[in-house]
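Subject: Structure for you to look at

Hi,

Here is the structure I promised to pass on. Please open it alongside this note.

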Amino acid sequence: MRQGRPHLWRGGLGVGGGGAIPELPPAEKGPMAPVLRALRELAGRIAGGEAGENRYLTIAFPRFLYRMAAQLGWRRRIKANGGRARDLGRRPREEG
């Protein structure tokens, strides 16, 4: 077992709108700005050995636009897999 200083929780981040993160460029302004600020703050706590709390935030993007983009993405994926947009709400058939 490792000896030394006791482990301190430095904090964690819970990010809403995470599905959009791979599609967004990291930038000081725009939808990713709050996430980048929170990551820098967390990195500073880790580097400084300071304890911290969990933090919950979301990308700076209007919810209605996020939902609209998600719908477009689902429709694109279902068509790419041979389905139809109206199949989105269907339940799978039970196998007998």
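Below is what turned up, starting with the salt bridges.

The model is predicted, so local features need pLDDT of at least 70 and side-chain atom pairs count only at pLDDT 80 or more, while totals for chains, interfaces and linings use all residues. Numbering runs from 1 along each chain as its sequence is written, and side-chain values use heavy atoms, with hydrogens and water left out.

Taking a salt bridge as a side-chain nitrogen of Lys or Arg within 4 Å of a carboxyl oxygen of Asp or Glu, the count is 3. Glutamate 41 pairs with arginine 45, the closest N and O atoms being 3.2 Å apart. Glutamate 41 also meets arginine 55 (3.4 Å, N to O), and the shared partners join Glu41, Arg45 and Arg55 into one network. Arginine 45 counts as buried because its relative accessibility is 13%, whereas glutamate 41, at 41%, is partly exposed (buried is under 20% relative accessible area, exposed over 50%, partly exposed in between; 1.4 Å probe, protein chains only). The remaining bridge has arginine 40 and glutamate 28 at 2.7 Å, N to O.

Histidine 7 may also interest you: at 70% relative accessibility it is exposed. Its C-alpha atom is separated by 9.5 Å from that of alanine 51, 44 residues away along the chain.

Happy browsing!
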